[in-house]
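Student: Could we go through this model together, starting with how you decide whether a residue is covered or open?

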Amino acid sequence: MQRTENGQSARLNALVVTFNRLDQLQVTVARLLDSPAVELERVLVFDNASTDGTREWLDAQSDPRLEVVHNPVNLGGAGGFEAGMRLVHDRHDPDWLLIMDDDARPEPGALAAFHARLSEGTPDWDGLATAVRYPAGGICEMNRPWLNPFWHPKVFLRVLFGGGRAGYHLPDSAFEPTAAPCEIDGTSFVGLFVSRKAMQLAGFPPGNLFIYGDDVLYTLAIRKAGLKLTFDPTVRYEHDFRTFSGGTLRVYKPLWKVYYNYRNGLLMYHEASGPLFWPLICLLIPKWFRLGRHYTEAQRPVFRRLLKLAIRDALLRDTHRSHAEIQALARVPGED
């Protein structure tokens, strides 16, 4: 294992952000604590004011490596990751922090594989993304790492001439166990290892987004700080993801998620594309409005209202709206 300045093995902490998914959280916490203390020193669970028995279950646990924070209000995943990362950094100052949602957990042996990489010598990277798969084994698309096409001319041309999403995300071949680790520009918060140096130079994720996009903006910030991110297919993660319905179509349930997806999506595109943002959104916005046809007749006007508000707030960089306000705007007559 990599050794710190005092000769000890690298200290790894984990952060899990949870809200009302006790069944998933129980699996994740058990999986993490299956790893010995030499691999994982501490697990902090940031509970976003859960109401499903999560508080009671967490308070009944006795493992000394488990630390629990019960937040009085739901800050969303973004707020939870920002607050949780700050707490771990300030209280414990680990060498590395592993972050995840409550429905994601390392596959057996993943933390040992991470430490094995560290044992090869001081890494030239300050963030490591894992190979994330569904429980059935398929690659989890929403967690597929990517290159910023606006920073790489060859990648940009590949996307421009028909590559689409596949043009800037890692191919399936990169997930093969024999594939070499490769450099990336962005990834998700499912199984991301972040170094102390990254937290010191790039700070913490933008917690005011509530959900969606905080991982993209934070990994871009790490890269803009001059640090390297890498993807390692030998460090594997499992994500029991169930948000979308309707096959491959992104039909959001509950409907309030539409607002956050598109508002934060525009904030991400602005950060990634720089001066090309304005021509880009002229292509994206009409496409987004057409997605309303995948919702029910009663839901479509609500979808359009949320999308218009998301665009307005993103262009003004306005993230002040409360979650209660967005939930109220997302109510569909007859579906209350």
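Tutor: Let us settle the wording before looking at particular residues: buried means under 20% relative accessible area, exposed means over 50%, and partly exposed is in between. Please also keep in mind that this is a predicted model.

Student: Fine, so is Arg65 buried or exposed?

Tutor: Arg65 has a relative accessibility of 14%, and because buried means under 20%, Arg65 counts as buried.

Student: Which residue does Arg65 form a salt bridge with?

Tutor: The partner of Arg65 is Asp63, and the closest N and O atoms of the pair are 3.9 Å apart. Asp63 is itself partly exposed, at 28% relative accessibility.

Student: Why does 3.9 Å still pass as a salt bridge there?

Tutor: It passes because the rule asks for a side-chain nitrogen of Lys or Arg within 4 Å of a carboxyl oxygen of Asp or Glu, and the closest N and O atoms of Arg65 and Asp63 are 3.9 Å apart.

Student: How many salt bridges does that rule give?

Tutor: The count comes to 25 salt bridges. Among them is the one between Arg117 and Glu120, with the closest N and O atoms 3.2 Å apart, and Glu120 is exposed at 60% relative accessibility. Another joins the side chains of Arg312 and Asp318, at 3.0 Å from N to O; here Arg312 is partly exposed, with a relative accessible area of 39%, whereas Asp318 counts as buried at 16%. Salt bridges that share partners also join Arg11, Glu41, Arg42, Glu67 and Arg91 into one network.

Student: Switching to the surface, which residues form the nonpolar patch with about 350 Å² of accessible area?

Tutor: That surface patch is made of Leu157, Leu160 and Phe161, and the area of about 350 Å² is what these residues have together. Phe161 belongs to helix α5, which covers residues 153-163, and with a relative accessible area of 66% it is exposed.

Student: And which residues form the negative patch?

Tutor: The negative surface patch consists of Asp23, Asp52, Glu56 and Asp59. Asp23 sits in helix α1, residues 22-33, and is partly exposed with a relative accessible area of 48%.

Student: Going back inside, what does the side chain of Asn143 contact?

Tutor: The side chain of Asn143 makes a polar contact with the side chain of Ser188, at 2.9 Å. Asn143 is placed in the loop between β6, residues 127-133, and α5, and despite being in a loop it is buried, with a relative accessible area of 1%. Trp146 is also found in the loop between β6 and α5, and it is buried as well, with a relative accessible area of 10%.

Student: Where is Phe210, and is it buried or exposed?

Tutor: Phe210 is in the loop between α6, residues 196-202, and α7, residues 214-224, and at 10% relative accessibility it counts as buried. Its phi is near 70°, again a positive value in a residue other than glycine.

Note on methods. Residues are numbered from 1 along each chain as its sequence is written. This is a predicted model: local features need pLDDT of at least 70, side-chain atom pairs count only at pLDDT 80 or more; totals for chains, interfaces and linings use all residues. Side-chain values use heavy atoms; hydrogens and water are left out. Patches are made of residues with over 30% relative accessible area and no salt bridge: like charges are joined within 9 Å, nonpolar side chains (Val, Leu, Ile, Met, Phe, Trp, Tyr) within 5 Å. Accessible areas come from the Shrake-Rupley method with a 1.4 Å probe; for residues, only the protein chains shown count as cover. Helices (H or I, at least four residues) and strands (E, at least two) are DSSP runs, numbered from the N terminus. Buried means under 20% relative accessible area, exposed over 50%, partly exposed in between (1.4 Å probe, protein chains only). Lys and Arg count as positive and Asp and Glu as negative; His and the chain ends are not counted. The place of a charge is taken as NZ of Lys, CZ of Arg, CG of Asp or CD of Glu. A polar contact is a pair of N or O atoms within 3.5 Å; within protein, one must be able to donate a hydrogen and the other to accept it, and residues adjacent in sequence count only if both atoms are side-chain atoms.
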